[in-house]
Amino acid sequence: MRFSNVSLDAIGTEIPQEIWTSDDLERKLEPLYSRLKLPEGRLALMSGINERRVWQRGTMPSEPSVRSARRAMEASGIAPERIGCLIHASVCRDFLEPATASRVHHELGLPSSCWVYDVSNACLGVMNGAVQIAALIEAGVIEAGIVVGTENSRPLLEQTIAQLNADQTLTRQSVKPAFASLTIGSGSCAWLLAHRDLARPDAANGDRQPTLLDTAIAEARTEFHDLCRSDQDSAGAGMTPLMDTDSERLMAEGIATGAAAFDRLLEESTWTRSNISRTVCHQVGSRHRVAMLEAMGLSQDNDSITFPFLGNTGSVALPLTLAAAAKRGDLSSGDQVAMLGIGSGINSVMIAAKWGDTKVSGNIDAIL
């Protein structure tokens, strides 16, 4: 899918204040560690994740989503009545129904003519939502749209810790599928996409050169859909989230899927590896990053990360990392940026964009 008229106008971010280090988690897992004689420090050593953040207990995903989306709108300056689509795209949501997007839309004061719905695709939700909005803009259906998501890792972390400590049958081998759950973090991010014509001259800085989306591709290897699964999604207030992951095979098949997707991104965009200025990938951990970039023939020197401080924040991991890269100064006007998303399923969504003026708002600075 090629684009000529879609800009990433602004990004809104919010990360929680409460920090749980990997050492904190191991202290919480002391009964398990003692019984299995697990060495301290293995969680950070194996993942490269030193800390992750959690929302206050009782936080609903829509609450940070409203704040990060509002920040994106304020940074952009585009009037609410010009927003034609609002997609809530995280794994976490307020309820099975109605769409979490409904509350966000209401709180933002967006028009009644706006498309309002949820999208869920594991760690790719925000990327999927961005592509859907971009397609609507390119087709002339809307002028601008917002995709937003909030991931809340606290229930998963607390339930995983409780189960691991309580299950006396676990062995060093059988505990491995739960490891990925301990890498999950929390965060919120919103992307505001708009038609390039909405980028107006700025009195202080001259004409804005917007960040323009160039190409988006999708790659599906759904024969591996069972390698990472959460609990069944069924009605009832007593749901306690758990996740079972074949981490080794998921990493291998995910990287193979990503490598195939990246080849297609190069082919359809006509870009080459050598003229990609910056890559931003899904944030899993250090081993995954090294192996993925190596499989794609890309350098770590040009890749931006946030997982050491945020963990794996699911659908907002790549979007938050893009925001951090912009605030950190990793991105310059004219850079060719490859956003390389991979998610369980296994699916991959990748976007190529030429970087320009994308305003970033929120507290992402806290990890810089």
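Gly345 is buried, at a relative accessible area of 16% (buried means under 20% relative accessible area, exposed over 50% and partly exposed in between, with a 1.4 Å probe and protein chains only). Before going further: this is a predicted model, where local features need pLDDT of at least 70, side-chain atom pairs count only at pLDDT 80 or more, and totals for chains, interfaces and linings use all residues. Residues are numbered from 1 along each chain as its sequence is written, and side-chain values use heavy atoms, with hydrogens and water left out.

**Around Gly345**

Back to that glycine. Gly345 sits in the loop between strand 13 (336–343) and strand 14 (347–354); helices (H or I, at least four residues) and strands (E, at least two) are DSSP runs, numbered from the N terminus. Ile346 is in the loop between strand 13 and strand 14 too, and a cis peptide bond joins Gly345 to Ile346, with omega about -20°. What does Gly345 touch, leaving aside its neighbours within four places in sequence? Its contacts are Arg221, Thr222, Phe224 and His225, where contact means heavy atoms within 4.5 Å. Asn152 lies 193 residues from Gly345 along the chain, and their C-alpha atoms are separated by 20 Å.

**The fold as a whole**

Zooming out, the protein has 11 helices and 15 strands. Its radius of gyration is 20 Å, close to the 21 Å that the globule rule gives for 368 residues, so the protein is as compact as a globular protein of that length. For the record, that radius is taken over C-alpha atoms, and the globule rule is 2.2 Å times the number of residues to the power 0.38. The C-alpha trace spans about 65 × 45 × 40 Å along its principal axes. Of the 368 residues, 55% count as buried. Among contacts with a separation of 6 or more, 79% come from residues 24 or more positions apart.

**Helix 4 against helix 5**

Two packed helices are described by the angle between their axes and the distance between the axes. Here, the axes of helix 4 (residues 62–76) and helix 5 (residues 100–108) come within 9 Å and cross at roughly 45°. The axes are lines fitted to C-alpha atoms, for helices over the stretch in contact, and angles run from 0 to 180 degrees between N-to-C directions. Helix 4 and helix 5 are therefore oblique to each other; angles under 35 degrees count as roughly parallel, over 145 as roughly antiparallel, 65 to 115 as roughly perpendicular and the rest as oblique.

Who makes the contact? On the helix 4 side it is Ser62, Glu63, Ser65, Val66, Ala69, Arg70 and Met73, and on the helix 5 side Thr100, Arg103, Val104, Glu107 and Leu108. Sorted by class, that gives 5 nonpolar, 3 polar and 4 charged residues. Ala, Val, Leu, Ile, Met, Phe, Trp, Tyr, Cys and Pro count as nonpolar, Asp, Glu, Lys and Arg as charged, and the others, Gly among them, as polar.

Ser65 is buried, with a relative accessible area of 0%.

Ser22 is found in helix 1 (residues 22–28) and counts as buried at 1% relative accessibility. Beyond residues up to four places away in sequence, Ser22 touches Leu43, Ala44, Ile49, Asn50, Glu51 and Arg52. Thr183 lies in the loop between helix 7 (154–166) and strand 7 (187–195), and is buried at 6% relative accessible area. Leaving out neighbours within four places, Thr183 is in contact with Ser47, Ile49, Arg52, Gly311 and Asn312.

Here are some sequence and C-alpha separations side by side.

| Pair | Apart in sequence | C-alpha to C-alpha |
|---|---|---|
| Ser22 and Gly48 | 26 residues | 9.6 Å |
| Thr183 and Gly140 | 43 residues | 41 Å |
| Ser65 and Ala194 | 129 residues | 19 Å |

Another cis peptide bond joins Glu97 and Pro98, with omega about 0°. Pro98 is in the loop between strand 4 (83–88) and helix 5. Lys37 has a phi near 55°, a positive value in a residue other than glycine. Lys37 is in the loop between helix 2 (30–36) and helix 3 (42–47), and is exposed, with a relative accessible area of 64%. Ala122 has a positive phi as well, near 50°, and is found in the loop between strand 5 (115–118) and helix 6 (125–138).
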